[in-house]
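Below is a colleague's note for a reader who is meeting this structure for the first time. Please keep the sequence and the 3D view open while going through the points.

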Amino acid sequence: MDIPNNKILLPKQELPRSWFNVLPELPEPLEPYLGPDGQPLSPSVLEVIFPPSLIEQELSPVIEHPIAEPILKALALWRPTPMVRAYRLEKALGVKSRLYFKDESVSPSGSHKSNTALAQAYFNSQAGIKRLTTETGAGQWGTALAIAAREFGLRVRVFMVRVSLKQKPYRKTIMNLMGAEVLPSPSEATISGRAALAANPETLGTLGLAISEAVEEAANQSDTNYALGSVLNHVILHQTIIGLEVQKQLKLAGETPDYLIACHGGGSNFGGLVAPFVPNLKNGEPIKCVAVEPQSCPTLTKGQYRYDKGDAAGLTPSMPMYTLGTDFQPPAIHAGGLRYHGSSPIISSLLKSKLIQAAAVSADDVFKFAQIFAGSEYIIPAPESAHALAYSCLKALELEQEGKSSTIVFTLSGHGLMDLSAYETSLNGK
Ligand SMILES: *Cc1c(COP(=O)(O)O)cnc(C)c1O
(Lines give C-alpha, C1' and ligand atoms only; values in the text may rest on other atoms or scores of the structure.)
Protein backbone atom coordinates (compact mmCIF):
# COMPACT_ATOMS: atom_id res chain seq x y z
CA MET A 1 0.00 0.00 0.00
CA ASP A 2 1.30 3.42 -0.94
CA ILE A 3 0.78 5.74 2.02
CA PRO A 4 1.89 9.29 1.16
CA ASN A 5 4.34 10.75 3.65
CA ASN A 6 2.81 14.16 4.11
CA LYS A 7 4.59 15.21 7.33
CA ILE A 8 8.23 16.21 7.39
CA LEU A 9 9.02 15.66 11.08
CA LEU A 10 12.21 16.46 12.93
CA PRO A 11 13.18 14.42 15.99
CA LYS A 12 13.29 16.32 19.32
CA GLN A 13 17.09 16.41 19.31
CA GLU A 14 16.96 18.40 16.06
CA LEU A 15 15.33 21.33 17.88
CA PRO A 16 17.51 24.35 17.00
CA ARG A 17 19.76 25.32 19.96
CA SER A 18 20.33 28.92 18.86
CA TRP A 19 18.24 31.71 17.40
CA PHE A 20 19.41 33.47 14.23
CA ASN A 21 19.90 37.23 14.59
CA VAL A 22 19.43 38.84 11.18
CA LEU A 23 20.54 42.35 12.28
CA PRO A 24 24.22 41.92 11.30
CA GLU A 25 23.08 40.38 7.98
CA LEU A 26 20.85 43.29 6.87
CA PRO A 27 22.10 44.99 3.66
CA GLU A 28 21.98 48.32 5.51
CA PRO A 29 22.22 48.75 9.29
CA LEU A 30 18.90 49.70 10.91
CA GLU A 31 18.44 53.37 11.58
CA PRO A 32 18.21 54.03 15.34
CA TYR A 33 15.00 54.34 17.32
CA LEU A 34 14.35 58.00 18.19
CA GLY A 35 13.23 59.43 21.52
CA PRO A 36 10.63 62.19 22.08
CA ASP A 37 13.36 64.82 21.47
CA GLY A 38 14.05 63.39 17.99
CA GLN A 39 17.50 62.17 19.07
CA PRO A 40 18.65 58.52 18.90
CA LEU A 41 17.28 56.75 21.94
CA SER A 42 19.64 55.64 24.65
CA PRO A 43 18.93 51.91 25.16
CA SER A 44 18.80 52.41 28.95
CA VAL A 45 15.56 54.42 28.51
CA LEU A 46 13.89 51.15 27.51
CA GLU A 47 14.73 49.64 30.91
CA VAL A 48 11.52 51.04 32.40
CA ILE A 49 9.55 48.51 30.35
CA PHE A 50 11.98 45.77 29.21
CA PRO A 51 14.61 43.63 30.99
CA PRO A 52 18.26 44.33 30.01
CA SER A 53 18.59 40.91 28.32
CA LEU A 54 15.83 41.71 25.80
CA ILE A 55 17.22 45.21 25.17
CA GLU A 56 20.58 43.60 24.42
CA GLN A 57 18.90 41.24 21.94
CA GLU A 58 17.07 44.20 20.37
CA LEU A 59 20.40 45.74 19.33
CA SER A 60 22.67 42.71 19.20
CA PRO A 61 25.53 42.53 16.65
CA VAL A 62 25.92 38.76 17.26
CA ILE A 63 24.42 36.36 14.71
CA GLU A 64 23.95 33.26 16.89
CA HIS A 65 22.06 33.50 20.18
CA PRO A 66 22.06 30.24 22.18
CA ILE A 67 18.59 29.46 23.57
CA ALA A 68 18.60 29.12 27.37
CA GLU A 69 17.83 25.62 28.65
CA PRO A 70 14.50 26.45 30.42
CA ILE A 71 13.18 28.04 27.20
CA LEU A 72 14.31 25.04 25.13
CA LYS A 73 12.56 22.66 27.52
CA ALA A 74 9.31 24.63 27.28
CA LEU A 75 9.55 24.92 23.47
CA ALA A 76 10.14 21.16 23.27
CA LEU A 77 6.60 20.61 24.60
CA TRP A 78 5.41 20.98 21.01
CA ARG A 79 8.50 21.71 18.87
CA PRO A 80 9.89 20.95 16.34
CA THR A 81 6.59 21.60 14.54
CA PRO A 82 5.71 19.62 11.41
CA MET A 83 6.24 20.89 7.89
CA VAL A 84 3.39 19.34 5.96
CA ARG A 85 3.12 18.60 2.24
CA ALA A 86 -0.42 19.71 1.38
CA TYR A 87 -1.13 16.92 -1.14
CA ARG A 88 -4.85 17.24 -0.70
CA LEU A 89 -4.84 20.99 -1.17
CA GLU A 90 -2.73 20.57 -4.33
CA LYS A 91 -5.30 18.08 -5.63
CA ALA A 92 -8.23 20.33 -4.71
CA LEU A 93 -6.57 23.18 -6.64
CA GLY A 94 -5.45 20.94 -9.50
CA VAL A 95 -1.86 22.21 -9.46
CA LYS A 96 1.49 20.56 -10.04
CA SER A 97 3.27 22.96 -7.68
CA ARG A 98 4.33 21.42 -4.39
CA LEU A 99 2.74 23.23 -1.46
CA TYR A 100 4.11 22.83 2.04
CA PHE A 101 2.88 24.49 5.21
CA LYS A 102 4.88 24.96 8.39
CA ASP A 103 2.34 24.14 11.06
CA GLU A 104 2.65 26.61 13.94
CA SER A 105 -0.97 25.93 14.94
CA VAL A 106 0.09 22.98 17.12
CA SER A 107 1.47 25.18 19.92
CA PRO A 108 -0.26 25.42 23.32
CA SER A 109 -1.77 28.79 22.36
CA GLY A 110 -2.65 27.67 18.84
CA SER A 111 -0.25 30.10 17.14
CA HIS A 112 3.42 30.95 16.58
CA LYS A 113 3.15 33.62 19.32
CA SER A 114 4.14 31.06 21.98
CA ASN A 115 7.70 31.01 20.55
CA THR A 116 8.46 34.54 21.74
CA ALA A 117 6.03 34.58 24.69
CA LEU A 118 8.01 31.86 26.47
CA ALA A 119 11.32 33.58 25.82
CA GLN A 120 10.04 36.97 26.99
CA ALA A 121 8.45 35.57 30.16
CA TYR A 122 11.68 33.72 30.94
CA PHE A 123 13.96 36.76 30.52
CA ASN A 124 11.61 38.92 32.61
CA SER A 125 11.48 36.34 35.40
CA GLN A 126 15.31 36.17 35.37
CA ALA A 127 15.38 39.97 35.82
CA GLY A 128 13.21 39.72 38.97
CA ILE A 129 10.05 41.08 37.34
CA LYS A 130 6.80 39.86 38.92
CA ARG A 131 4.14 41.08 36.51
CA LEU A 132 3.71 41.75 32.77
CA THR A 133 1.29 43.95 30.88
CA THR A 134 0.46 43.57 27.24
CA GLU A 135 -2.11 44.23 24.57
CA THR A 136 -3.84 41.71 22.40
CA GLY A 137 -5.83 42.17 19.20
CA ALA A 138 -7.14 38.85 18.04
CA GLY A 139 -6.36 37.27 21.40
CA GLN A 140 -3.58 34.93 20.29
CA TRP A 141 -0.80 37.01 21.81
CA GLY A 142 -2.62 37.44 25.12
CA THR A 143 -3.23 33.69 25.23
CA ALA A 144 0.39 32.89 24.44
CA LEU A 145 1.67 35.31 27.08
CA ALA A 146 -0.81 34.06 29.69
CA ILE A 147 0.53 30.51 29.22
CA ALA A 148 4.17 31.63 29.15
CA ALA A 149 3.75 33.75 32.28
CA ARG A 150 2.25 30.78 34.03
CA GLU A 151 5.22 28.65 32.97
CA PHE A 152 7.69 31.10 34.53
CA GLY A 153 5.65 32.27 37.55
CA LEU A 154 4.60 35.80 36.48
CA ARG A 155 1.25 37.59 36.72
CA VAL A 156 -0.25 39.21 33.57
CA ARG A 157 -2.73 41.98 32.73
CA VAL A 158 -3.92 41.91 29.13
CA PHE A 159 -5.51 44.94 27.43
CA MET A 160 -7.70 43.37 24.76
CA VAL A 161 -8.96 45.51 21.86
CA ARG A 162 -12.67 45.99 22.57
CA VAL A 163 -13.93 44.84 19.15
CA SER A 164 -11.86 41.64 19.39
CA LEU A 165 -13.17 40.90 22.87
CA LYS A 166 -16.70 41.16 21.47
CA GLN A 167 -15.87 38.90 18.51
CA LYS A 168 -13.94 36.35 20.57
CA PRO A 169 -15.18 36.27 24.15
CA TYR A 170 -13.80 32.76 24.67
CA ARG A 171 -10.23 33.98 24.20
CA LYS A 172 -10.73 35.82 27.46
CA THR A 173 -11.93 32.58 29.05
CA ILE A 174 -8.70 30.84 28.03
CA MET A 175 -6.53 33.68 29.36
CA ASN A 176 -8.51 33.72 32.63
CA LEU A 177 -8.14 29.93 32.93
CA MET A 178 -4.38 30.37 32.61
CA GLY A 179 -4.50 32.94 35.42
CA ALA A 180 -4.29 36.19 33.41
CA GLU A 181 -6.45 39.27 33.97
CA VAL A 182 -8.17 40.70 30.85
CA LEU A 183 -9.48 44.28 30.42
CA PRO A 184 -11.27 45.63 27.34
CA SER A 185 -9.23 48.43 25.72
CA PRO A 186 -9.76 51.35 25.95
CA SER A 187 -10.12 50.81 29.71
CA GLU A 188 -10.62 53.09 32.71
CA ALA A 189 -7.34 51.80 34.18
CA THR A 190 -4.99 54.18 32.32
CA ILE A 191 -4.76 57.85 31.30
CA SER A 192 -4.59 56.92 27.58
CA GLY A 193 -7.63 54.66 27.97
CA ARG A 194 -9.70 57.25 29.80
CA ALA A 195 -8.82 59.90 27.20
CA ALA A 196 -9.92 57.63 24.35
CA LEU A 197 -13.20 56.80 26.09
CA ALA A 198 -13.87 60.47 26.77
CA ALA A 199 -13.29 61.29 23.08
CA ASN A 200 -15.51 58.45 21.85
CA PRO A 201 -17.34 56.17 24.32
CA GLU A 202 -18.34 53.85 21.43
CA THR A 203 -14.78 53.35 20.14
CA LEU A 204 -13.92 49.85 18.87
CA GLY A 205 -10.40 50.26 20.17
CA THR A 206 -7.22 49.67 18.19
CA LEU A 207 -4.07 47.71 18.76
CA GLY A 208 -2.10 50.97 18.89
CA LEU A 209 -4.26 52.28 21.73
CA ALA A 210 -4.07 49.01 23.67
CA ILE A 211 -0.26 49.22 23.39
CA SER A 212 -0.39 52.74 24.87
CA GLU A 213 -2.34 51.44 27.87
CA ALA A 214 -0.04 48.49 28.51
CA VAL A 215 3.15 50.59 28.11
CA GLU A 216 1.80 53.34 30.38
CA GLU A 217 1.07 50.90 33.17
CA ALA A 218 4.42 49.08 32.88
CA ALA A 219 6.35 52.35 32.86
CA ASN A 220 4.65 53.47 36.08
CA GLN A 221 5.19 50.29 38.14
CA SER A 222 8.63 49.03 39.08
CA ASP A 223 7.78 45.31 39.39
CA THR A 224 5.92 45.38 36.06
CA ASN A 225 7.30 45.15 32.54
CA TYR A 226 5.69 45.25 29.14
CA ALA A 227 5.76 42.50 26.52
CA LEU A 228 5.15 43.01 22.81
CA GLY A 229 4.08 40.12 20.57
CA SER A 230 5.43 41.38 17.24
CA VAL A 231 7.34 44.14 15.44
CA LEU A 232 10.48 44.38 17.62
CA ASN A 233 13.83 42.85 16.73
CA HIS A 234 13.95 40.53 19.75
CA VAL A 235 10.53 39.12 18.85
CA ILE A 236 11.71 38.27 15.35
CA LEU A 237 14.87 36.75 16.85
CA HIS A 238 12.77 34.33 18.94
CA GLN A 239 10.60 33.49 15.94
CA THR A 240 13.56 32.45 13.79
CA ILE A 241 13.17 28.98 15.25
CA ILE A 242 10.45 28.61 12.57
CA GLY A 243 12.78 29.25 9.63
CA LEU A 244 15.66 27.30 11.18
CA GLU A 245 13.44 24.23 11.47
CA VAL A 246 12.15 24.76 7.92
CA GLN A 247 15.74 24.77 6.63
CA LYS A 248 16.32 21.35 8.21
CA GLN A 249 12.97 20.07 6.97
CA LEU A 250 13.59 21.24 3.40
CA LYS A 251 16.88 19.36 3.45
CA LEU A 252 15.13 16.25 4.80
CA ALA A 253 12.51 16.53 2.04
CA GLY A 254 15.20 17.12 -0.61
CA GLU A 255 13.56 20.39 -1.64
CA THR A 256 14.80 23.86 -2.51
CA PRO A 257 12.08 26.46 -2.07
CA ASP A 258 11.01 28.85 -4.83
CA TYR A 259 8.63 30.75 -2.56
CA LEU A 260 8.57 31.43 1.19
CA ILE A 261 5.25 32.99 2.14
CA ALA A 262 3.77 34.23 5.40
CA CYS A 263 1.08 36.66 6.44
CA HIS A 264 2.13 40.04 7.80
CA GLY A 265 0.64 41.89 10.76
CA GLY A 266 3.68 43.28 12.55
CA GLY A 267 6.08 40.94 10.77
CA SER A 268 6.99 38.30 13.34
CA ASN A 269 5.85 35.06 11.73
CA PHE A 270 7.05 36.29 8.34
CA GLY A 271 10.37 37.40 9.84
CA GLY A 272 10.70 34.14 11.75
CA LEU A 273 10.32 32.14 8.54
CA VAL A 274 12.46 34.32 6.30
CA ALA A 275 15.26 35.83 8.44
CA PRO A 276 17.42 32.66 8.47
CA PHE A 277 17.30 32.69 4.64
CA VAL A 278 18.63 36.26 4.32
CA PRO A 279 22.23 35.05 3.71
CA ASN A 280 20.85 32.87 0.86
CA LEU A 281 18.96 35.87 -0.56
CA LYS A 282 22.09 38.01 -0.41
CA ASN A 283 23.94 35.25 -2.29
CA GLY A 284 21.42 35.71 -5.08
CA GLU A 285 19.56 32.43 -4.58
CA PRO A 286 16.25 32.70 -6.43
CA ILE A 287 13.92 32.41 -3.43
CA LYS A 288 10.96 34.77 -3.53
CA CYS A 289 9.89 35.78 -0.04
CA VAL A 290 6.43 37.34 0.08
CA ALA A 291 4.79 39.05 3.05
CA VAL A 292 1.02 38.93 2.60
CA GLU A 293 -1.33 41.49 4.12
CA PRO A 294 -5.06 42.33 3.82
CA GLN A 295 -6.08 44.85 1.13
CA SER A 296 -7.93 46.67 3.92
CA CYS A 297 -4.76 47.23 6.00
CA PRO A 298 -2.06 47.59 3.33
CA THR A 299 0.93 48.66 5.44
CA LEU A 300 3.68 47.28 3.18
CA THR A 301 1.99 47.68 -0.21
CA LYS A 302 0.51 51.18 0.29
CA GLY A 303 2.23 52.59 3.38
CA GLN A 304 5.11 55.06 3.48
CA TYR A 305 8.61 54.27 4.70
CA ARG A 306 9.35 56.82 7.43
CA TYR A 307 9.79 57.22 11.16
CA ASP A 308 6.58 56.59 13.08
CA LYS A 309 5.39 55.62 16.54
CA GLY A 310 4.27 52.12 17.44
CA ASP A 311 1.16 53.23 19.35
CA ALA A 312 -1.72 55.67 19.17
CA ALA A 313 -0.77 57.86 22.15
CA GLY A 314 2.82 58.25 20.98
CA LEU A 315 4.45 56.67 24.06
CA THR A 316 6.77 54.35 22.11
CA PRO A 317 10.00 55.48 20.43
CA SER A 318 9.86 56.45 16.75
CA MET A 319 10.94 53.61 14.52
CA PRO A 320 11.88 53.53 10.84
CA MET A 321 9.22 51.44 9.15
CA TYR A 322 6.46 51.16 6.59
CA THR A 323 3.38 52.72 8.16
CA LEU A 324 -0.16 53.84 7.42
CA GLY A 325 0.10 56.38 10.27
CA THR A 326 -0.82 55.89 13.92
CA ASP A 327 -4.29 57.35 13.39
CA PHE A 328 -5.12 54.77 10.69
CA GLN A 329 -8.38 53.08 11.73
CA PRO A 330 -8.51 49.69 10.08
CA PRO A 331 -11.97 48.24 9.41
CA ALA A 332 -13.08 45.55 11.88
CA ILE A 333 -11.83 42.71 9.69
CA HIS A 334 -11.78 39.31 11.30
CA ALA A 335 -8.04 38.84 10.94
CA GLY A 336 -7.53 40.91 14.10
CA GLY A 337 -3.80 40.12 14.12
CA LEU A 338 -3.36 41.92 10.78
CA ARG A 339 -4.94 45.25 11.80
CA TYR A 340 -1.71 47.01 12.84
CA HIS A 341 -0.76 50.34 11.23
CA GLY A 342 2.98 49.68 11.14
CA SER A 343 5.55 47.02 10.43
CA SER A 344 8.71 45.62 11.91
CA PRO A 345 11.83 47.75 11.23
CA ILE A 346 13.61 44.54 10.13
CA ILE A 347 10.92 43.61 7.61
CA SER A 348 10.67 47.23 6.45
CA SER A 349 14.42 47.31 5.85
CA LEU A 350 14.37 44.01 3.91
CA LEU A 351 11.50 45.30 1.77
CA LYS A 352 13.16 48.65 1.14
CA SER A 353 16.32 46.86 -0.02
CA LYS A 354 14.12 44.61 -2.24
CA LEU A 355 15.36 41.35 -0.73
CA ILE A 356 11.71 40.49 -0.03
CA GLN A 357 8.35 41.39 -1.59
CA ALA A 358 4.91 42.29 -0.29
CA ALA A 359 1.44 41.54 -1.64
CA ALA A 360 -2.13 42.21 -0.55
CA VAL A 361 -5.05 39.78 -0.90
CA SER A 362 -8.80 40.39 -0.81
CA ALA A 363 -11.10 39.23 1.96
CA ASP A 364 -13.06 37.17 -0.60
CA ASP A 365 -9.96 35.23 -1.66
CA VAL A 366 -8.92 34.74 1.96
CA PHE A 367 -12.21 33.09 2.84
CA LYS A 368 -12.44 31.14 -0.41
CA PHE A 369 -9.06 29.44 0.02
CA ALA A 370 -9.52 29.01 3.78
CA GLN A 371 -12.65 27.01 2.99
CA ILE A 372 -10.83 24.92 0.36
CA PHE A 373 -7.98 24.26 2.83
CA ALA A 374 -10.38 23.34 5.63
CA GLY A 375 -12.23 20.99 3.30
CA SER A 376 -9.11 19.27 1.97
CA GLU A 377 -6.50 19.30 4.75
CA TYR A 378 -9.17 19.32 7.49
CA ILE A 379 -7.46 22.11 9.44
CA ILE A 380 -9.31 25.39 9.99
CA PRO A 381 -6.71 28.11 9.45
CA ALA A 382 -6.59 31.31 11.51
CA PRO A 383 -7.97 34.13 9.32
CA GLU A 384 -4.50 35.73 9.54
CA SER A 385 -2.78 32.58 8.28
CA ALA A 386 -5.39 32.28 5.54
CA HIS A 387 -3.81 35.36 3.92
CA ALA A 388 -0.56 33.43 3.38
CA LEU A 389 -2.56 30.42 2.29
CA ALA A 390 -4.65 32.43 -0.20
CA TYR A 391 -1.59 34.03 -1.79
CA SER A 392 0.13 30.64 -2.02
CA CYS A 393 -2.90 29.12 -3.76
CA LEU A 394 -3.28 32.09 -6.14
CA LYS A 395 0.42 31.82 -7.01
CA ALA A 396 0.19 28.06 -7.62
CA LEU A 397 -2.87 28.59 -9.88
CA GLU A 398 -1.14 31.40 -11.78
CA LEU A 399 1.95 29.22 -12.33
CA GLU A 400 -0.27 26.37 -13.51
CA GLN A 401 -1.83 28.67 -16.15
CA GLU A 402 1.67 29.47 -17.37
CA GLY A 403 2.47 25.74 -17.53
CA LYS A 404 4.93 26.07 -14.62
CA SER A 405 5.24 24.64 -11.15
CA SER A 406 7.16 25.62 -8.03
CA THR A 407 7.96 24.60 -4.48
CA ILE A 408 5.98 26.86 -2.18
CA VAL A 409 6.35 26.94 1.61
CA PHE A 410 3.96 28.99 3.69
CA THR A 411 3.47 29.42 7.41
CA LEU A 412 0.24 28.29 8.96
CA SER A 413 0.73 30.76 11.79
CA GLY A 414 -2.26 29.51 13.77
CA HIS A 415 -5.53 27.59 13.73
CA GLY A 416 -8.94 29.21 13.46
CA LEU A 417 -10.85 27.29 16.12
CA MET A 418 -11.28 30.52 18.08
CA ASP A 419 -12.46 32.35 14.94
CA LEU A 420 -15.62 30.42 14.23
CA SER A 421 -17.84 33.51 14.42
CA ALA A 422 -15.78 34.98 11.56
CA TYR A 423 -16.30 31.79 9.56
CA GLU A 424 -20.00 31.81 10.40
CA THR A 425 -20.28 35.38 9.07
CA SER A 426 -18.43 34.44 5.87
CA LEU A 427 -20.54 31.31 5.32
CA ASN A 428 -23.63 33.50 5.57
CA GLY A 429 -22.17 35.64 2.79
CA LYS A 430 -21.65 38.80 4.82
C1 LIG B 1 -0.53 37.76 15.65
C2 LIG B 1 -0.75 36.84 14.55
C3 LIG B 1 -0.35 37.16 13.23
C4 LIG B 1 0.24 38.48 12.84
O5 LIG B 1 1.38 38.85 13.51
P6 LIG B 1 2.84 38.78 12.88
O7 LIG B 1 3.69 39.41 13.90
O8 LIG B 1 2.83 39.54 11.60
O9 LIG B 1 3.17 37.35 12.69
C10 LIG B 1 -0.53 36.21 12.25
N11 LIG B 1 -1.10 35.02 12.51
C12 LIG B 1 -1.50 34.68 13.75
C13 LIG B 1 -2.14 33.34 13.96
C14 LIG B 1 -1.33 35.57 14.80
O15 LIG B 1 -1.72 35.23 16.03
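Predicted model: local features only at pLDDT ≥ 70, side-chain atom pairs only at ≥ 80, totals over all residues.

1. Residues are numbered from 1 along each chain as its sequence is written, and side-chain values use heavy atoms, with hydrogens and water left out.

2. The protein is divided into domain 1 (51-66 + 112-233) and domain 2 (78-111 + 235-427), with bounds that come from an automatic or database domain assignment. Taken over C-alpha atoms, the centres of the two domains are 22 Å apart. In contact (heavy atoms within 4.5 Å) are 41 residues of domain 1 and 42 residues of domain 2.

3. Helix H5 (residues 140-151) and helix H7 (residues 169-177) have axes that come within 9 Å and cross at roughly 10 degrees, which makes H5 roughly parallel to H7. Helices here are DSSP runs of H or I with at least four residues, strands are runs of E with at least two, and both are numbered from the N terminus. Axes are lines fitted to C-alpha atoms, for helices over the stretch in contact, and angles run from 0 to 180 degrees between N-to-C directions; under 35 degrees counts as roughly parallel, over 145 as roughly antiparallel, 65 to 115 as roughly perpendicular and the rest as oblique. On the H5 side Gln 140, Gly 142, Thr 143, Ala 146 and Arg 150 meet Arg 171, Ile 174, Met 175 and Leu 177 of H7.

4. Helix H15 (residues 363-377) packs against helix H17 (residues 420-427) at an angle of about 105 degrees, with the axes 11 Å apart, so that H15 is roughly perpendicular to H17. Phe 367, Ala 370 and Gln 371 of H15 make the contact with Tyr 423, Ser 426 and Leu 427 of H17.

5. Ser 109 lies in the loop between strand E5 (98-103) and helix H4 (114-126), and is buried (under 20% relative accessible area; exposed is over 50%, partly exposed in between, with a 1.4 Å probe and protein chains only) at 4%. Leaving aside neighbours within four places in sequence, Ser 109 is in contact with residues including Gln 140, Thr 143 and Arg 171.

6. Ser 318, in strand E13 (residues 318-323), is also buried, with a relative accessible area of 13%. Beyond neighbours within four places in sequence, the residues in contact with Ser 318 are Pro 32, Tyr 33, Leu 34, Tyr 307, Asp 308 and Lys 309.
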